[in-house]
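This report goes through selected features of one protein model.

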Amino acid sequence: MDTKTTNLEGKTALVTGSSRGIGRAIAGHLASLGAAVAVHGTSPFSTRVFNEADSLEAVAEAIASETGSQVVTVHGDLSDEPTVKRVVAEARQKLGQIDILVNNAGGGDGAAGMGGPRAGRPEVDDCVFISSADMHAILGRNLMSCIYVCREVAPEMIERRSGRIVNFSSRAAARGMSTLGIYAVAKAGVSHYTRCLAVQLRPYNVTVNAIAPGSIVTEHWKRWFPPDDRRLVHEGTLDRYGWPIEAARLVEFFCSPLSDYVSAQVVRLDGGEDPWPA
């Protein structure tokens, strides 16, 4: 029987939005599996917004110390295409070819960003009366950033006929929502872009999948959704919140030999809270 375990030694990964929260857990987990990792934040000090680290460099140093893997930093606004080109070029310069791309960067923050009032949540957050600035910020941060980074990384994977791309959608992508509507639209775009890109890259042995999380406990999430203490448990029930490491383990699956023949999938990560198709 052919048994395969996850060993990412010799592989390199770019994880966007990995200065904190879910992305930080993913970067650390991939590094623990042997991958060299580029951690990314909007700025060198975006880690300070919710006091999760002093700097992006401190995050990289902590992961390297914990895992023994090579960890480097890149930063920039991924909703800007020229910036994406620079960020990806820097990651390649520091690590070489990119074998694994995890598009985790995103969020429902408006033009003010996470450091703005209401932890970045737009004052009006619907599909009709949201400001143009907030609408463009949300679409850029979630959908366009994903597309830009994929467009920059996919060609080298096509050439090598090898690569793994994991995009982050959201449970919101499969719902009609009166609030967070533009965010839901952006994430629905990520889900379908994932499917379309996966079909295009099938002949080249590049898998493209998406993860659609529900309520995952992070410092940012807690600012938006005050948690129910009864659901802040780690085991014994699925009627609870999720934790960043659970997203990281699903990324591991999509990057491991266990998923060699899995592509174009959007997997909801919510403990079965929403049972309808993603």
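How many cavities of 30 Å³ or more does a search of the whole structure find? The search finds one. The model is a predicted one, and the values below are computed from it.

## The cavity

The space in the largest cavity comes to about 40 Å³. Its lining consists of Thr16, Leu78, Asn103, Ala105, Asn142, Ser145, Cys146 and Phe168.

Sorted by class, four of the lining residues are nonpolar and four are polar, while none is charged. Among the structural elements, α4 gives the most to this lining, with three residues.

## A nonpolar surface patch

On the surface, a nonpolar patch is formed by Val124, Val128 and Phe129. Together these residues have about 330 Å² of accessible area.

Val124 sits in the loop that runs between β4 (100-103) and α4 (132-160). Its relative accessible area is 35%. Val124 therefore counts as partly exposed, because that class lies between the 20% limit for buried and the 50% limit for exposed.

Leu180 has a positive phi, near 60°. Leu180 belongs to the loop between β5 (163-168) and α5 (181-201). Is Leu180 buried or partly exposed? With a relative accessibility of 9%, Leu180 is buried, since buried means under 20%.

Ala264 is not a glycine either, and its phi is positive at about 70°. The loop between α7 (244-255) and β7 (266-269) holds Ala264. At 25% relative accessibility, Ala264 is classed as partly exposed. Leu180 is thus a buried loop residue, whereas Ala264 is a partly exposed one.

## The segment before β1

Asn7 is placed in the segment that precedes β1 (12-16). The relative accessible area of Asn7 is 48%, so this residue is partly exposed; the exposed class would need a value over 50%.

How far apart are Asn7 and Val72 in sequence and in space? They are separated by 65 residues along the sequence. In space, the C-alpha to C-alpha distance between Asn7 and Val72 is 20 Å.

Conventions: Residues numbered from 1 in each chain as written. Predicted model: local features only at pLDDT ≥ 70, side-chain atom pairs only at ≥ 80, totals over all residues. Heavy atoms only, no water. Patch = residues over 30% accessible without salt bridge, like charges linked within 9 Å, V, L, I, M, F, W, Y side chains within 5 Å. Areas by Shrake-Rupley, 256 points an atom, 1.4 Å probe, with all protein chains shown as cover. Salt bridge = Lys/Arg side-chain N within 4 Å of Asp/Glu carboxyl O. Helix = DSSP H or I, 4+ residues; strand = E, 2+ residues; numbered from the N terminus. Buried < 20%, exposed > 50% of the residue type's maximum accessible area, 1.4 Å probe, protein only. 1 Å grid on protein atoms, 1.4 Å probe; cavity = no way out; pocket = protein on both sides within 12 Å on 5 of 7 lines; lining within 4 Å. Points joined across faces, edges and corners; volume = space filled by probe spheres on them. Nonpolar A, V, L, I, M, F, W, Y, C, P; charged D, E, K, R; others polar.
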